[in-house]
Amino acid sequence: MTDEKGQVVRLEIDSELANTTLIAMAVRGLCAMTTLSPVEVNRVELCVVEIVNNAIEHAYGNEKGHKVEVGVSLLKACLMLTISDWGKSMDQGKLGSRDISVDPDDPAAWLCSGRGLPIVQSLMDNVKYQTVGDKNSFIMSKQIRN
Amino acid sequence: MPFESKIEAGHTIVSIDETRLDASLSEPVRAYLFDQIDNGSDNLIIDLSQVRFMDSSGLGALVAALKKMGGTGSMKLAGAQPAVTDLFSLTSMDKLFAILPTVTEAIEEK
């Protein structure tokens, strides 16, 4: 993370899963202004979608009518994304595990959910979660080659 | 509904006619695949050639269907695009699923 301000845009959607696509497409467009490769852009899109979905599903319990805000900062050396909600805070302990390994011989252990955060943590260079007042923010960044 | 199925060479081929298999579509996909399995389809091929983006919820729907098959029959994926194959690789799900370039190759693969 950096104190450099750079260029910043804020996007806002209502808490409905179908709206996540709007954020995804907008972030893809902003990524096109950077030196991120096509694979990296796909991965940034995936990370944004996972965290916006988390906000809708867990902070708001899939209830429509609430605000999800996404701030995108294009800094000199990195892309910083801040996804904010005003719902139920996330348990910080969920940021601890990055393990998404799987045992093909143990079907009972194949997870059908819960991979979103480990994926984000493995793909982004920095992630942190903070609650200030009633605002929860997931902040993540990806380094950009100059 | 953005899914359709057909029988070909003893396989049930389910086509996902959406560009995004994400959290907004994962439950309908899971339910559709469960219906196919409940109706006796035990050699499934999921045609993902139209899907340009998949998130962990979409992935979870496919894993749920694979688990439901309980080790009987087969479930293969066909036509996965780069962002989708990347997701499977990142999550090691490529160890669970046979991923073939096309439906034809999925049918021919033993």
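This is a predicted model: local features need pLDDT of at least 70, side-chain atom pairs count only at pLDDT 80 or more; totals for chains, interfaces and linings use all residues.
pLDDT is the predictor's confidence in each residue, from 0 to 100. Residues are numbered from 1 along each chain as its sequence is written, and chains are lettered from A and ligands numbered from 1 in the order in which they are written.

Let's begin with the scores. Chain A has a mean pLDDT of 93, with 97% of its residues at 70 or more. Chain B averages 95, and 100% of its residues score at least 70. For the model, ipTM is 0.93 and pTM is 0.94. Helices (H or I, at least four residues) and strands (E, at least two) are DSSP runs, numbered from the N terminus.

Two strands pair if DSSP finds at least two bridges between them. In chain A, 5 strands form an open sheet in the order S1-S2-S3-S5-S4, with antiparallel pairing. At its edges are strand S1 (7-14) and strand S4 (126-132), each of which pairs on one side only. On average, neighbouring strands of this sheet are turned by 15° against each other, direction ignored; here axes are lines fitted to C-alpha atoms, for helices over the stretch in contact, and angles run from 0 to 180 degrees between N-to-C directions. S4(A) and strand S5 (residues 135-143) of chain A are antiparallel partners over 7 bridges, and A:Tyr129 stands opposite A:Phe138 in S5(A). H2(A) packs on the sheet, where it touches strand S2 (67-74), strand S3 (78-85) and S5 of chain A, and its direction makes about 15° with that of S3(A). Contact between two residues requires that their C-beta atoms, placed from the backbone, lie within 7 Å.

H2(A) also has a helical neighbour. Helix H1 (residues 20-31) and helix H2 (residues 38-59) of chain A pack at an angle of about 150°, with their axes 9 Å apart. H1(A) and H2(A) are therefore roughly antiparallel to each other (angles under 35 degrees count as roughly parallel, over 145 as roughly antiparallel, 65 to 115 as roughly perpendicular and the rest as oblique). Among the residues making this contact are A:Ile23 and A:Val27 of H1(A) and A:Val44 and A:Val48 of H2(A). The contact residues divide into 9 nonpolar, 2 polar and 2 charged (Ala, Val, Leu, Ile, Met, Phe, Trp, Tyr, Cys and Pro count as nonpolar, Asp, Glu, Lys and Arg as charged, and the others, Gly among them, as polar).

Chain B has its own open sheet of 5 strands, ordered S1-S2-S4-S6-S7, and the pairing is mixed. Strand S1 (3-8) and strand S7 (98-100) of chain B each have a single partner strand, so one side of each is left without a neighbour in the sheet. From one strand to the next, the twist averages 25°. Strand S4 (residues 43-47) and strand S6 (residues 74-78) of chain B run parallel and are joined by 5 bridges; B:Leu44 has B:Met75 in S6(B) as its bridge partner.

Finally, look at where the chains meet: 23 residues of chain B are in contact with 23 residues of chain A. On the chain B side, helix H1 (23-38), helix H2 (56-69) and helix H3 (82-90) each supply at least two residues. H2(B) gives the most, with 7 residues. The residues of this side of chain B divide into 10 nonpolar, 7 polar and 6 charged.
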